[in-house]
Amino acid sequence: MQVYSGTIYKEDLKPIVGYLTIKNGVIKEIGEGRPPKKPIQTGTILPSFINAHTHLGDSAVDVDPEKYSLQELVGPGGIKERRLDELSEKQLISGIRRSLHKGFKEGVTHNIDFREGGVKGINAMKKAALDTPANPIIYGRPIQPNESELKRVINAGDGVGLSSVCDYKPESQKLFKKHLYGVNTGLHAGESIENQKKSMDLYGESEVVRSLKYNPTHLVHLTNPLPGDIEALARQKTPAVVCPRSNRITRSGKPPVRKLHDMDVDVALGTDNAMLCSPSILDEAIYTYKNHDLTPEMVLEMACINGGKIFGVDNRIVVGNRANIMVVEEVNMGIKTLLDGCASIATVVSGLDVIKNV
Ligand SMILES: [Zn+2]
């Protein structure tokens, strides 16, 4: 049995001064006051970070985002896609592994990754994750949008992650709708105003509204919502993942985080493309806190808890839950300075092994 003590941000992120015990990766006891035996570590104890949107495959890609529009940078046939094709499998895997390790060292125990490159891409992620303690939840993407390729990707990964419904022809969209029923599906939506307009012109509905028809586990970005988009998201109780640092770099706008929160949409944080941003949710949380009208508690919930809801993991510090925690070496740290205090994370514990098809 392992014992940790200090200020514990347990259920609902309300702090207590006390201890927690862990046995076989599960939280057994949380108590106030003195621990039952000598703790192995003392500090401020928080749920681990969940990185709810990554493209770790492009960790080894080097581009200057200033030179390209969003579409040229990450759209179909864009510079990222071409550079990814040029990477050897070894470069690809070692880049992903580097990012998984870096994220874990900074408290990230889980990464929801949109993995390009079909089954080969999914397998590269699995190989990269083999000797890391971090857990990838792999949303694969078919190289060609045909039935057999789509079925292979569904079977190989934990879900399917699509770029934008606007990137696919109507017959492909029909195929996706048929085969993705009941499959964990994530989509980029509302990232660019161009795609939103294109969707309205061609289909009379926004990209966000059309994406919701896939019954997705989550939508990513929402930087350019049209009137009614956020309300539709709230009605369907679909979580949103926002990536404010990436949006700033690609000049695609500022996600309406506070509005999403006020409309009771679960909002989680992601770091998006590893070629643009470090895979650190700590960096993302600090940036988000400084640039949005949010309390530290709201940011912590986005960074530690809400991402888990997407793949069915309760990441709160509660008896009976898997112990995914980080210990921050900091004394007397108030909630107001919590995010800066996280910069001194000492230990990360991941009680979770592998998540498959949740
Ligand atoms: Zn993305």
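**Ground rules.** I number residues from 1 along each chain as its sequence is written. The model is predicted, so I take local features only at pLDDT of at least 70 and side-chain atom pairs only at pLDDT 80 or more, while totals for chains, interfaces and linings use all residues.

**Domains.** I looked up how the protein chain is divided, and found domain 1 (2-47 + 315-349) and domain 2 (49-310); the bounds come from an automatic or database domain assignment. The C-alpha centres of the two domains lie 30 Å apart. I then checked the contacts (C-beta atoms, placed from the backbone, within 7 Å). On this count, 15 residues of domain 1 are in contact with 17 residues of domain 2. On the domain 1 side, β4 (41-47), α14 (338-341) and β15 (345-349) each supply at least two residues. Helices (H or I, at least four residues) and strands (E, at least two) are DSSP runs, numbered from the N terminus. By class, that side has eleven nonpolar, two polar and two charged residues. Here Ala, Val, Leu, Ile, Met, Phe, Trp, Tyr, Cys and Pro count as nonpolar, Asp, Glu, Lys and Arg as charged, and the others, Gly among them, as polar.

**The sheet.** I traced an open sheet of six strands in the order β3-β2-β1-β4-β14-β15, with mixed pairing; two strands pair if DSSP finds at least two bridges between them. β3 (26-32) and β15 stand at the edges with a single partner strand each, so one side of each has no neighbour in the sheet.

**Strand β1.** I went along β1 (residues 2-9) and noted that six of its eight residues are buried, meaning that 20 or more other C-beta atoms, placed from the backbone, lie within 10 Å of the residue's own. Eight bridges join β1 to β2 (residues 15-23), and the two run antiparallel. Tyr4 stands opposite Leu20 in β2. β1 and β2 form a hairpin with five residues between them, and Asp12 in the turn has a positive phi of about 60°. To β4, β1 is joined by five bridges, and this pair runs parallel. Gly6 stands opposite Gly43 in β4.

**The core.** I looked up the largest nonpolar core, which has 84 residues; such a core is a set of buried Ala, Val, Leu, Ile, Met, Phe, Trp, Tyr and Cys residues joined through C-beta atoms within 7 Å. Helix α13 (residues 296-310) gives the largest share, six residues. Each of domain 1 and domain 2 supplies at least three residues. Ala240 and Ala303 have the most contacts inside this core. Leaving out residues up to four places away in sequence, Ala240 touches His218, Leu219, Leu222, Leu233, Leu260, Val265 and Val267.

Key. Contact = placed C-beta atoms within 7 Å. Buried ≥ 20, exposed ≤ 12 C-beta atoms within 10 Å, placed from the backbone.
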